[in-house]
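Please open the model in your viewer and keep the selection panel at hand. The stops below go from the whole chain to its parts and back.

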Amino acid sequence: MTPETLFNIAAFAYGLCIGSFLNVCIHRLPAAMSIVRPRSRCPVCGQSIRWYDNIPVLSWLWLRRKCRDCATPIPWRYPLVELLSGVFAVITIARFGPGPASLVYFCFIAALLVITFIDLDHQIIPNAITLPGIPLCFLGALVVPAMTWQDALMGLAVGGGGLYLVGWAYYLLKGKEGMGGGDIKLLAMIGALTGLRGVVFTLFVASATGTVAGLVQMAAARLVDMERRIPFGPFLAFGAVIYLFYGRELILWYLRLLS
Ligand SMILES: [Zn+2]
């Protein structure tokens, strides 16, 4: 085995363990529970989860997707979040190299994963992540080579302010709220780490993919409740991650297409 393979395996294992913690955040933050205490429990029978039943992905498989004590099915979301976190740990280091930039980006992606799954479940984006996230992303921008503090400040202001204006205009026109305050704080946080270009790109990708998802939902209208709002947070998170990894290439490709 080459040192590089070993390093990637270590990064993957690290990502899986962080993913396990992200599951705790996804489960507890919306309920305003502490994310450090008590130990993880089965939400149905309340039994503490034994350390050997708490191993990312593997435990889910050898418990055959059920709680050991009460046999309540364990949602597939748990191993999915762990796997996503593991994969992102590996590809973040592959893209940005070992060092502080990868650490900043991986923390950012981890926060976006938590936001995505909480928004899907509860249609909220917790302030507990975005409010500290905005200054932390700004500090992170000082560490990553792709950013300057001026760009970070601009991204933060346009991300927060721009979406706020859109929401305000929508409210004036339609008399109801279109975009949640959580989305605004999330885009400010994304802007603080990706700058002005990141904000524009993220909003573009999020609107495009969100519209497609909305059309698909409308086409399937007989199956779902039309009034159910599609959360926008996951699309913003998706746009921001695409920007991190392919933003430069996609923007160049798009400009060539126009010329
Ligand atoms: Zn149980």
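How many Å separate the centres of domain 1 and domain 2, taken over C-alpha atoms? The separation of these two centres is 25 Å, with domain 1 covering 1–98 and domain 2 covering 99–259, bounds that come from an automatic or database domain assignment.

Before going on, note that this is a predicted model, in which local features need pLDDT of at least 70 and side-chain atom pairs count only at pLDDT 80 or more, while totals for chains, interfaces and linings use all residues. Residues are numbered from 1 along each chain as its sequence is written.

Select next the boundary between the domains, where 18 residues of domain 1 are in contact with 16 residues of domain 2 (contact: C-beta atoms, placed from the backbone, within 7 Å). On the side of domain 1 that touches domain 2, helix 1 (3–28) and helix 3 (77–96) each supply at least two residues, and helix 3 gives the most, with 10 residues; helices here are DSSP runs of H or I, at least four residues, numbered from the N terminus.

Now select helix 7, residues 181–219, whose 39 residues place the end C-alpha atoms only 28 Å apart, short of the 57 Å that a straight helix would reach at 1.5 Å a residue (the expected span is 1.5 Å times one less than the number of residues). Centre the view on G195, where helix 7 has a kink of about 130°, the bend being the angle between axes fitted to the seven residues ending at a residue and the seven starting there.

Finally, show the whole protein, which has 8 helices and 0 strands and a C-alpha trace spanning about 55 × 50 × 35 Å along its principal axes.

Notes: Two residues are in contact if their C-beta atoms, placed from the backbone, lie within 7 Å.
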